[in-house]
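Here's a quick briefing to read alongside the structure. Have a look at the model first, then run through the points below.

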Amino acid sequence: MRGVKKADLPTKTCPVCNRPFTWRKKWERVWDEVKYCSDRCRSDARRRGERPESDTSRS
């Protein structure tokens, strides 16, 4: 068996929905910049007046 178990992946908490989300392969290079768990939360943050730091936080 190769790879890493899902339980061992790093997690963050989305500031919009307050739900935890885990590391994804597509976020490998920008994990430090990822702030939101989804495009929906990122757009909701914009509507609420919070400014996303960058658009690299897409899911």
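Let's start with Glu28, which is partly exposed, with a relative accessible area of 44%. Glu28 pairs up with Lys25 in a salt bridge, at 3.0 Å from N to O. Keep in mind that this is a predicted model.

**Salt bridges**
- The structure has three salt bridges, and the one between Lys25 and Glu28 is among them.
- Lys25 counts as exposed, because its relative accessible area of 58% is over the 50% cut-off.
- Glu28, at 44%, falls in the partly exposed range, since that runs between 20% and 50%.

**Helix H1**
- Helix H1 covers residues 39-48, and both Asp39 and Arg42 sit in it, three residues apart, or about one turn of the helix.
- Their side chains meet in a salt bridge, 2.8 Å from N to O.
- Asp39 is partly exposed at 37% relative accessibility, whereas Arg42 is buried at 8%.
- Asp44 and Arg47 also lie in helix H1, three residues apart, again about one turn.
- The closest N and O atoms of the Arg47 and Asp44 salt bridge are 2.8 Å apart.
- Arg47 is exposed, with 66% relative accessibility.

**The chain as a whole**
- Of the 59 residues in the protein chain, 25% are buried.
- Take the contacts between residues at least 6 apart in sequence: 21% of them join residues at least 24 apart.
- The accessible surface of the protein chain is about 4,900 Å², and carbon and sulfur atoms account for 45% of that.

Methods: Residues numbered from 1 in each chain as written. Predicted model: local features only at pLDDT ≥ 70, side-chain atom pairs only at ≥ 80, totals over all residues. Heavy atoms only, no water. Buried < 20%, exposed > 50% of the residue type's maximum accessible area, 1.4 Å probe, protein only. Contact = heavy atoms within 4.5 Å. Areas by Shrake-Rupley, 256 points an atom, 1.4 Å probe, with all protein chains shown as cover. Salt bridge = Lys/Arg side-chain N within 4 Å of Asp/Glu carboxyl O. Helix = DSSP H or I, 4+ residues; strand = E, 2+ residues; numbered from the N terminus.
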